[in-house]
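Subject: Structure handover and notes

Dear colleague,

Please find below the structure I promised to pass on, together with its sequence.

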Amino acid sequence: MDTDLLKTFLEVSRTRHFGKAAENLYLTRSAVSFRVKQLETILGVELFERQRNNIQPTPAGERMLNHAEAVLTAWERAKQDVSLSRLQSTQLTIGAGPNIWDAFLQGNLQSLHKGLPGVALRTEVLPQNVMTRQLMERTLDMAISFDPPKMEDFEQIRIGVVQLWLVSSIGPLSLPECLKHHYIKVDWGTAFNILHAQEFGDMPLPVLHTSSSRIALDFVLNNGGSAFLPDHMVSPFLERGELYRVDGARSIPRNVYVVYWSQNDRLAQIERAVSFLARESDEGAEELSA
């Protein structure tokens, strides 16, 4: 199987247009059409319904999407595995959602690299459903999440906690006063959304809803308003008087979990990484409370 056929198929699926796919892939339109036809011939099915200005995947094409992504992911990982240098004998692939990177992993990645000599890291920012699928397909070694999937034969370990505080850029405010100003809703996962609805159901309609705490922080600082953000992220701004904790709004803790296959052939390296991340998280929490 020529992986270029799969890349072309995915690009046409994404753009819904042969011409746009050709531009993005630096190919001619006829080359894109030829590659898709080649793939359809190999599979023995049509992957797209071709109507003027309306390219849509067929049911077979929809089913092919996940398989194409899985094959390309596995191929990229295989290329990296076989080309590892003498000094790096193992590769770990770590997946996490956008807010996990912002709130937990970003500060630990460099130290994790130094703490795992001989291990090459591959990191992915992935939605929850994709992480679960890639764990099952064995193309992902570790998934780090606030709301981990519960799967048989997979280990689930708590490696840290993130404290979320309601902060505002508009001076010291009480919770009732905060309701009169812009609110930015950050997606911190299912458990957060449930607790948020129970305890903060009176918050105004968000002017921005985002899955990135970095985007939320920038928006609050530049446009004014309030949002639930991680303590380590807002601490410098609290100290400088650029942000203020909202009086009467308690913090919401979010546990961070890692999930991995218990029979992975890289289990020793995974367990070292898990232990390292848990230790770094405990040390970071001690520094913040000091």
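A salt bridge is taken here as a side-chain nitrogen of Lys or Arg within 4 Å of a carboxyl oxygen of Asp or Glu. Please keep in mind that this is a predicted model, in which local features need pLDDT of at least 70 and side-chain atom pairs count only at pLDDT 80 or more, while totals for chains, interfaces and linings use all residues. Residues are numbered from 1 along each chain as its sequence is written, and side-chain values use heavy atoms, with hydrogens and water left out.

Salt bridges

The structure holds 11 salt bridges. In one of them R14 pairs with E11, with the closest N and O atoms 2.5 Å apart; the two residues are 3 apart in helix α1 (residues 3–15), and therefore separated by about one helical turn. Helices (H or I, at least four residues) and strands (E, at least two) are DSSP runs, numbered from the N terminus. R14 is exposed, at a relative accessible area of 58%, whereas E11 is buried, at 13%, where buried means under 20% relative accessible area, exposed over 50%, and partly exposed in between (1.4 Å probe, protein chains only).

A salt bridge also joins R250 to E199 (2.9 Å, N to O). This pair links distant parts of the chain, since R250 lies in the loop between β10 (244–245) and β11 and E199 in helix α9 (residues 190–199), 51 residues apart. R250 counts as partly exposed at 42% relative accessibility, and E199 likewise counts as partly exposed, at 37%. Finally, K37, E40 and R50 are linked in a network of salt bridges.

Strand β5

From strand β5 (residues 142–145), M142 and I144 point one way and A143 and S145 the other, and all are buried. Two strands are said to pair if DSSP finds at least two bridges between them. Strand β3 (residues 90–96) pairs with β5 in the parallel sense over 3 bridges, with M142 as the bridge partner of I94. Strand β11 (residues 252–261) runs antiparallel to β5 and is joined to it by 3 bridges, and here V258 is the bridge partner of I144.

Surface patch

I42, L43 and V45 make a nonpolar surface patch of about 230 Å². Such patches are made of residues with over 30% relative accessible area and no salt bridge, nonpolar side chains (Val, Leu, Ile, Met, Phe, Trp, Tyr) being joined within 5 Å and like charges within 9 Å; accessible areas come from the Shrake-Rupley method with a 1.4 Å probe, and for residues only the protein chains shown count as cover. V45 is found in the loop between α3 (29–43) and β1 (48–51).
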